[in-house]
Amino acid sequence: MYGFSHEEFSTSTVIPIPKGCNVNQTDSANFRGTALSSIFVKIFDQIVLQKYHDYFFTSELQFGFKAKHSTHMCTMILKETLQYYNSSNSSAFCMFMDTTKAFDRVRYCKLFRLLVDKGLPACIIRVLICLYTNHMVCVAWNGMRSQYFLATNGVKQGGVLSSMLYLLYIDGLLVKLSNAGVGCYFGPIFVGALAYADDLLLLAPTPSAMRKLLAVCDNYAQEYSIKFNAKKSKWLAIVSKKRRWLSSLLDHCRFQVGGTHVDKVTSVVHLGHTINTELTDKDDILHKRCTCIGQVLCYFPRLDAEVRHKLFKSYCSSTFGYELWRLNDKY
């Protein structure tokens, strides 16, 4: 009832995990730190989520860590919106934003103020404040552990409640984007911003509308200490066949994130699915096919029959996300 926790609940061990199989492991930017905490902290997080679930409600534009939501659902809305504008002989500009160390840059003063505004009981907020402001962390690497140090910002990646806390932290940006009055609309529904946790996508019918959305992002990032990485962010444009004359003008179109220019591409991977300017499924199908062959089939001969059978059922028989493809595609 007092809103305090034992100091052992505020300790975590961070395990650096590479962001891929072929990344440069001498660069710390290519690792994602996952925090391992006490089982009692996880039980507490589960109780808070189950009892106060309504307090963690976020925008419909957010698809991450929600029941009956998935990555391919977010990509489906993206593809349907692009097809909608293309069939209407219009253009659509897509900005794929990359957030640098999103979970690590959460400011406690801003986060707990948001929890107060949501109306979460004061006792629960005091426990969370105690857990995070006294959070002691050590790093485990190659069988060794560092000394414990105080984490002064950020939520624990891998924590049960951490993902929901981050969704609340970024939810204000989605609200401001939807209230900006610009961006893509699917009928009366605003689809100018789609998010899956820290993956943010902006959609606008014109370059000027896109710049207004980017200005909203820059202002919010400055206020909440969020950093969008312009070097890893990409943008592409969808132009209908009747407006192909605009394609030559796109070479002179420029967008900036945080004062830095963003590169223009013809295809980009969004939440595991490849999106291209031609709005075809060819690149995505070939990518999934090569991934299946490269990661699974090439290793089958080295394994016993039972393991091969389980791998085949898990990776080769799965249709998760394939419903986004056209069934009559020759590839």
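Is Lys110 buried, exposed or partly exposed? In this predicted model, Lys110 has a relative accessibility of 23% and counts as partly exposed. Its salt-bridge partner is Glu223, with the closest N and O atoms 3.8 Å apart. The pair joins distant parts of the chain: Lys110 lies in helix H3 and Glu223 in helix H6, 113 residues apart. Glu223 is also partly exposed, with a relative accessible area of 34%.

The whole structure holds 6 salt bridges. One of them connects the side chains of Asp281 and Lys79, at 2.7 Å from N to O. Asp281 counts as buried because its relative accessibility is 2%, under the 20% cut-off. Lys79 is buried as well, with a relative accessible area of 19%. A network of salt bridges links Lys79, Asp281 and Arg326.

Another salt bridge brings together Asp284 and Lys288, at 3.2 Å. Both residues lie in helix H7, 4 residues apart, or about one turn of the helix. Asp284 is buried, at 1% relative accessible area.

Helix H2 spans residues 71-87. Its 17 residues reach 25 Å from first to last C-alpha, close to the expected 24 Å. Its buried residues include Cys74, Leu78, Lys79 and Tyr85. Asn89, with a positive phi near 60 degrees, follows the helix.

Definitions and conventions: Residues numbered from 1 in each chain as written. Predicted model: local features only at pLDDT ≥ 70, side-chain atom pairs only at ≥ 80, totals over all residues. Heavy atoms only, no water. Helix = DSSP H or I, 4+ residues; strand = E, 2+ residues; numbered from the N terminus. Expected span 1.5 Å × (residues − 1). Buried < 20%, exposed > 50% of the residue type's maximum accessible area, 1.4 Å probe, protein only. Salt bridge = Lys/Arg side-chain N within 4 Å of Asp/Glu carboxyl O.
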